[in-house]
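Could you walk me through this model in my viewer, one selection at a time? I would like to know what to click on next and what I will find there.

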Amino acid sequence: MCGISAYIGYREAYPIVINGLKRLEYRGYDSAGVMLFDGTNVQLSKTKGKVSALEKITEEEEERKVGNIGMGHTRWATHGVPNDVNSHPHTSQSGDLVIVHNGIIENYDTIKRELITRGYSFQSDTDTEVLINLIEEVKKTEGFKLGKAVQIALTNVVGAYAISVFDKNNPNEIIVARLGSPIAIGIGKEHKEFFVASDASPFVEYTKDAIYLEDEEMAIIKIGKHVKVRKIKNDKEVKPTIQKLKMSLDQIEKGGYDHFMLKEIHEQPKAIKDTFRGRMLPLEGEIKMSSIEDHLDKFLEANRIIIIACGTSWHAGLVGEYLFEDMARIPVEVEYASEFRYRNPIITNKDVVIAISQSGETADTLAAIKLAKSKGAFVYGVCNVVGSSIARETHSGAYTHAGPEIGVASTKAFTTQITVLTLIALKLGRANGSLASHTFNDYIKKMQLIPRQVEELLNIDSHVKDIANVYKDAKNCLYLGRGFNFPVALEGALKLKEISYIHAEGYPAAEMKHGPIALIDENMPIFVIATNKGHYEKVVSNIQEIKSRAGKIIAVVTQGDVQVKEIADHVIEIPDTVEALTPLLTTIPLQLLSYHIAVLLGKNVDQPRNLAKSVTVE
Ligand code: M6R
């Protein structure tokens, strides 16, 4: 996916667009570009690399920064390698029209061939250049205004898009449109200026009024006028909803931390508390979630719950499986959304599907939701980003309230997803009688302690850093856990892989002897979650097996542990809690460990290579 940041108004557009791109770099960062219009000329600057590389180029020539209209883009390559030419913005053949695009035009090749027969030639390998030329062709042959030409062109494309288009012959307007990729419009005072961006972060300090376009909608943004929104397919005018943004500037800045990831790890005590807020009512001995209460029969009568998600959210879903089955005795299946959507799954109207997604924009999860809905299932969403596509597509749902997560490696999204799933499992367990009231109340008491315990746990940072120093040069690592902590082992391995590029695998501890044990030698660090609950003795046996083969053990244990301490090379202690809640604690040292290893190796923690924060393509 890519980031779009645009401005039209009375201020210098360049700093607004560039700062906006920096905030959107989590969406893609392999190339960047900006278009400025100074009233006469369109100035284009594009380069392979990050927004900082783009800034360097523009610094060389002052005129590249002048103009009250600007459109910028930060890219995650799909069609065409990341290079200067393939970077956005793209211009039409005449040079009059300019576009920035997030998404994929699937039928671009057919359109391109047709345009070539009509005399068009192409500079880049991108689908986006095809789209802007299609718009130009429609505009030219039909004599339409830009808005109409965009609309007609879009009815001819298959795929996904968020676009912003500018015509230098009509420079007081920008046309934006969306299908499958998000786009927000910030409205300035008295409509004297407008901001366009992939999310609201680029304009949060300028306005709190925003319109989020729905799928298949386009907007005509004209200085001095109200934003006009139309349906692309039937041209019907729609009254846009202007939302008041709750996001604040400090939420999207590093606030003194070296990296967003570290800031977000440290935000977890507050994030978990925010997830509880208004939902967990210890005095009443109750969990209040209207999104569940309003559909309680669906959950209680469900044959099973199917959880769909990708990446870290899928790991949270696996923890959910243990929680729902343990607390509410409801059968659960956890599916990769990307597999689920294509394997003709058996779904009925007796199934409840829970879709988990931080961004709420993941293409595979969204497609899996649509499939489940089409087969009659009730779909419940657990999202972080308010108003995201998944939040809108699901029948009901709960926000995690983690606040913006900018580091590409998910941290607070994971723990708050688990928190929401725990609340739901407890609520359902109480509602269907699987949990006795004293057990339920005990869980609530223990849950309340979690934010403070996470805070306490964060004090082990320098101890974890020392361990990171010892193992930073490892080529391979294993992560082992059992029960509720098996998904945490998977998540620990994913965190290490994605930001340090060290190969790591997560396994259920008992599975080790069925294969991975062959990998163990004195060079293999093995991170084992061995809390004093559940399968402690069995995990201790697994640790013994590793020790006998000279593997290096780094164990996450409960405070006061004696047995593992004697065998392990290093231990990291977590505060005591009930087994079902341990994932909220055991995951913290593993996050810190990955963070420190990546920093020690000099990797780009917040923007690891090849990755994007949310994956809006297949
Ligand atoms: O926004 P989502 O939760 O749907 O994203 C799913 C995955 O792409 C995401 O969790 C990814 O695995 C992260 N980079 C993990 O840190």
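Does Lys-495 count as buried or exposed, going by its relative accessibility? Select Lys-495 to find out: it counts as buried, at 1% relative accessibility. Keep in mind throughout that this is a predicted model.

**Stop 1: a salt bridge inside a helix**

While you are on salt bridges, select Glu-114, Arg-118, Glu-137 and Lys-140 together. Salt bridges that share partners join these four residues into one network. The structure as a whole holds 39 salt bridges.

**Stop 2: a salt bridge between two strands**

Next, select Asp-351 and Arg-304. Here the side chains form a salt bridge at 2.8 Å, N to O. Colour strand E20 (residues 351–357), where Asp-351 lies, and strand E18 (residues 304–309), which holds Arg-304; the pair therefore ties together parts that are 47 residues apart in sequence. Asp-351 is buried, with a relative accessible area of 3%. Arg-304 counts as buried as well, at 17% relative accessibility, because the cut-off for buried is under 20%.

**Stop 3: a salt bridge between two helices**

Move on to Glu-393 and Lys-373. The closest N and O atoms of this salt bridge are 3.0 Å apart. Glu-393 belongs to helix H13 (residues 389–393) and Lys-373 to helix H12 (residues 363–374), so this pair links parts that are 20 residues apart in sequence. Glu-393 is partly exposed, with a relative accessible area of 22%. Lys-373 is also partly exposed, at 28% relative accessibility.

**Stop 4: the domains**

Now zoom out and colour by domain. The domain assignment of the protein chain gives domain 1 (3–251), domain 2 (254–457) and domain 3 (460–610). The centres of domain 2 and domain 3, taken over C-alpha atoms, are separated by 24 Å.

How many residues of domain 2 are in contact with domain 3? There are 38 of them, and they contact 34 residues of domain 3. The size of an interface is often given as the accessible area lost when the parts come together. Between them, domain 2 and domain 3 bury about 3100 Å², with 73% of that on carbon and sulfur atoms. To see where domain 2 loses the most area to domain 3, select Met-261, Tyr-322 and Leu-457, which together make up 23% of what that side buries.

What about polar links? Display the elements that give two or more residues to the side of domain 2 that touches domain 3: helix H6 (260–266), helix H7 (268–276), helix H10 (311–328), helix H14 (412–431) and helix H15 (437–457). Of these, H10 gives the most, with ten residues. By type, the residues on this side of domain 2 divide into 20 nonpolar, twelve polar and six charged.

**Stop 5**

Follow the chain to Arg-329, which sits in the loop between H10 and strand E19 (332–336). Arg-329 is exposed, with a relative accessible area of 60%. Show its side chain together with the backbone of Glu-325: a polar side-chain atom of Arg-329 lies 2.6 Å from the backbone oxygen of Glu-325. Leaving aside residues up to four places away in sequence, Arg-329 touches Phe-324 and Ser-434.

**Stop 6: a buried serine**

Finish at Ser-164 in strand E7 (residues 159–167). Ser-164 is buried, with a relative accessible area of 0%. Not counting residues up to four places away in sequence, the residues Ser-164 touches include Ile-4, Ala-6, Met-71, Val-98, Ile-175 and Val-196.

Conventions. Residues numbered from 1 in each chain as written. Predicted model: local features only at pLDDT ≥ 70, side-chain atom pairs only at ≥ 80, totals over all residues. Heavy atoms only, no water. Domains from an automatic or database assignment. Contact = heavy atoms within 4.5 Å. Buried area = accessible area lost by both parts, 1.4 Å probe. Helix = DSSP H or I, 4+ residues; strand = E, 2+ residues; numbered from the N terminus. Nonpolar A, V, L, I, M, F, W, Y, C, P; charged D, E, K, R; others polar. Buried < 20%, exposed > 50% of the residue type's maximum accessible area, 1.4 Å probe, protein only. Polar contact = N/O pair within 3.5 Å; in protein donor to acceptor, adjacent residues only side chain to side chain.
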